[in-house]
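Student: Hi! Could you walk me through this one before I start working with it?
Tutor: Happy to, let's have it on screen.

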Protein chains: 2
Amino acid sequence: MTQPSDKALVPFVSVDNMMALVNATGIEAMLRDLAGYIEEDFKRWPEFDKTPRVASHSADGVIELMPTADADKYGFKYVNGHPKNIRDGFQTVTAFGVLSSVANGYPLLVTEMTVLTALRTAATSALVGSYLAPKGAKVMAMIGNGAQCEFQALAFKAICGIDTVRLYDIDPAATEKAVRNLAKSGLTVIPCRSGEEAIEGAQIITTCTADKQYATILTDNMVGSGVHINAIGGDCPGKTELHRDILLRSDIFVEYPPQTRIEGEIQQLDDTHPVTELWQVMRNEAAGRRDPRQITLFDSVGFAIEDFSALRFIHDRIRGTAFFDHLDMLADPDDPRDLVGMVNRAA
Amino acid sequence: MTQPSDKALVPFVSVDNMMALVNATGIEAMLRDLAGYIEEDFKRWPEFDKTPRVASHSADGVIELMPTADADKYGFKYVNGHPKNIRDGFQTVTAFGVLSSVANGYPLLVTEMTVLTALRTAATSALVGSYLAPKGAKVMAMIGNGAQCEFQALAFKAICGIDTVRLYDIDPAATEKAVRNLAKSGLTVIPCRSGEEAIEGAQIITTCTADKQYATILTDNMVGSGVHINAIGGDCPGKTELHRDILLRSDIFVEYPPQTRIEGEIQQLDDTHPVTELWQVMRNEAAGRRDPRQITLFDSVGFAIEDFSALRFIHDRIRGTAFFDHLDMLADPDDPRDLVGMVNRAA
């Protein structure tokens with residue numbers, strides 16, 4: 001066995017190391033720091049190469065590559081979505097990602113992104129909430145208590161300062177799981193028997209259900225004035241959570257309009273319906289919440305730049321730690337023209 | 001540390017393991033077997049989802065993702081191209097790839113592809129040569145003696161039965177390197193002082209130079225009737241190797257016309273210039289070589305399906321061997337909805 005040179009080695013963060021990093025840092029600190037990276041990248045939005053995601057559809061699901069780049073770094077995420085996987089004991093969504101140097105094209109990081117995507121989705125929601133939620137909001141309703149639920153609750157606690165979550169899911173077992181996982185979080189956790197009950201007194205409403213269909217998790221009469229709605233679950237064509245009338249009463253904020261119009265709640269509206277881009281709010285180039293009676297809506301679908309921020313965050317964070325291995329993934333012959341000689345010498 | 005479940009683990013072939021696999025198998029056997037996979041996939045060409053490659057360009061180079069899929073498997077290659085890298089001691093091109101299950105979206109294989117791409121490029125060339133080169137061809141000229149040169153020579157020996165290579169490069173050191181590496185190959189290796197000298201008596205002419213510019217490695221008067229030209233080096237916009245007049249005298253065979261018209265030698269011709277698709281030749285649906293005086297030209301640019309074949313080959317070949325490691329890359333909580341619980345339990 002030959003010894004690969006340093007140039008041949010790429011840092012790799014396994015699921016095990018990602019979990020160890022999260023636990024060593026603390027989930028809330030991790031979410032807060034990650035939100036900082038996401039905010040930094042939203043504030044320099046025009047610098048990014050915003051390639052559309054490349055999707056390969058099949059009868060059972062989709063496999064997507066989501067690339068983006070700035071002048072310095074290139075990143076992409078591989079992510080699948082296969083709703084039937086649960087039935088066979090597999091995850092609906094798995095993901096991994098790669099960060100590279102634009103200058104020489106060499107990968108700088110390979111990392112699991114299933115856990116990391118859960119973190120970045122919650123960090124993005126809470127970051128947006130910090131701009132749009134009513135001042136002093138303390139209570140969040142969480143409708144849909146699946147894998148993303150606890151991350152959302154902890155992110156809104158760490159970043160927006162909520163102290164109470166009101167949980168509802170059509171499956172009581174999901175709510176029980178979330179109650180259990182949030183028991184030591186410092187949040188007041190209130191399981192509810194209906195969506196109506198969950199939103200009582202909530203200034204923030206997060207919808208995060210997973211059905212791949214047009215669903216109506218919130219109807220118009222459920223939503224009072226002044227709330228911030230964080231709509232996470234509607235994220236592909238044919239999948240929405242909110243009644244159209246709510247959209248018409250709300251000021252709608254999105255990541256990237258060309259993608260959100262296809263994948264988000266606003267697929268229910270005309271293509272010309274006005275939306276505000278979040279990067280402009282964060283740069284003070286567009287208004288966020290202007291009025292305590294206004295309903296603000298974050299129509300979240302997840303964008304490649306958030307994954308880029310997450311890759312950049314992990315790349316910085318693991319430096320000098322033991323939370324990664326080295327992958328011998330890049331051939332590095334002494335003479336770049338002598339690839340076959342490298343192979344021969346390895347014999 | 002928790003023990004990841006089998007479902008969380010993805011086989012990974014490092015550069016070191018790839019070289020060990022090649023050496024254990026023998027380069028020629030490896031090229032022959034790989035050509036078999038490529039031929040199989042060319043013969044079922046219409047079954048593939050042929051997504052265009054996704055390129056991210058910068059001042060110094062390009063990073064590309066090349067995905068393709070059939071009904072059963074999905075594959076993509078990450079590859080960069082940075083001509084200036086050599087100056088800084090980095091490779092011009094590095095690559096890695098992933099093969100996944102279409103049914104559940106889970107990665108089945110992560111592998112280095114710098115060595116593997118060199119193999120698949122040579123295997124494809126020789127496979128095409130076996131359809132198009134004149135019967136009984138024994139002598140190949142190799143103009144351009146860089147990293148791909150020896151792989152081409154060995155592939156044409158293993159697959160087409162040549163016994164002699166005539167080498168020329170503008171840099172004599174490159175030719176010396178190739179002579180050295182091919183010394184024990186069983187080929188008669190003849191270093192030449194010019195391109196003209198190299199093609200004397202050759203029935204096959206391989207051009208494989210790396211300049212990113214319109215170059216004229218072969219001029220019209222150099223090429224006699226009846227030869228097969230294997231043009232490898234012209235593979236991106238603005239980079240060609242052959243004089244336009246040679247193209248006009250040749251019957252041109254390509255992998256995938258929409259890509260070759262942009263990247264190949266035929267970017268010098270009208271978009272309507274007739275070309276033959278190789279998959280149709282391999283399926284006997286189009287004519288290959290019809291006449292001993294005909295000049296056949298393979299305008300090679302490299303297509304995602306060849307990488308897919310290479311991924312499929314390695315995935316099959318490593319089964320039951322020690323030529324791979326396991327990457328803990330996919331989160332696999334006992335309850336898919338309990339991602340945060342998995343993280344907490346890892347503490």
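Student: Which residues of H3(A) and H11(B) meet?
Tutor: Thr114(A), Val115(A) and Ala118(A) of H3(A) meet Leu339(B), Met342(B) and Val343(B) of H11(B), where contact means heavy atoms within 4.5 Å. Helices (H or I, at least four residues) and strands (E, at least two) are DSSP runs, numbered from the N terminus. Keep in mind that this is a predicted model: local features need pLDDT of at least 70, side-chain atom pairs count only at pLDDT 80 or more, and totals for chains, interfaces and linings use all residues. Residues are numbered from 1 along each chain as its sequence is written, chains are lettered from A and ligands numbered from 1 in the order in which they are written, and side-chain values use heavy atoms, with hydrogens and water left out.

Student: What about H11(A) and H3(B), how do their axes cross?
Tutor: Those axes come within 11 Å and cross at roughly 115°. The contact involves Leu339(A), Met342(A) and Val343(A) from H11(A), with Thr114(B), Val115(B) and Ala118(B) from H3(B).

Student: Switching to the core: which residues touch the most other members of the largest one?
Tutor: Ile27(B), Leu31(B), Val115(B), Leu119(B), Val165(B), Leu278(B) and Ile314(B) do, in a nonpolar core of 72 residues. Such a core is a set of buried Ala, Val, Leu, Ile, Met, Phe, Trp, Tyr and Cys residues joined through side-chain atoms within 4.5 Å. H3(B) gives the largest share of this core, 10 residues. Apart from it lies another core of 71 residues, including Phe42(A) and Phe253(A).

Student: Is Asp41(A) buried or exposed?
Tutor: Asp41(A) is buried, at 0% relative accessibility; buried means under 20% relative accessible area, exposed over 50%, and partly exposed in between (1.4 Å probe, protein chains only). Asp41(A) sits in helix H2 (residues 27-42) of chain A. Beyond neighbours within four places in sequence, Asp41(A) is in contact with Phe48(A), Ile305(A), Phe308(A), Ser309(A) and Arg312(A).

Student: Where is Val102(A) found?
Tutor: Val102(A) is in the loop between strand S5 (95-101) and strand S6 (107-112) of chain A, and is buried with a relative accessible area of 10%. Not counting residues up to four places away in sequence, the residues that Val102(A) touches include Tyr74(A), Ser58(B) and His82(B).

Student: One last thing: what is the phi of Asn284(A)?
Tutor: Asn284(A) has a positive phi of about 60° although it is not a glycine. Most residues other than glycine have a negative phi. Asn284(A) is exposed, at 72% relative accessibility, in the loop between helix H9 (278-282) and strand S16 (295-299) of chain A. In chain B, Asn284(B) also has a positive phi, near 60°.

Notes. Axes fitted to C-alpha atoms, helices over the stretch in contact; angles between N-to-C directions.
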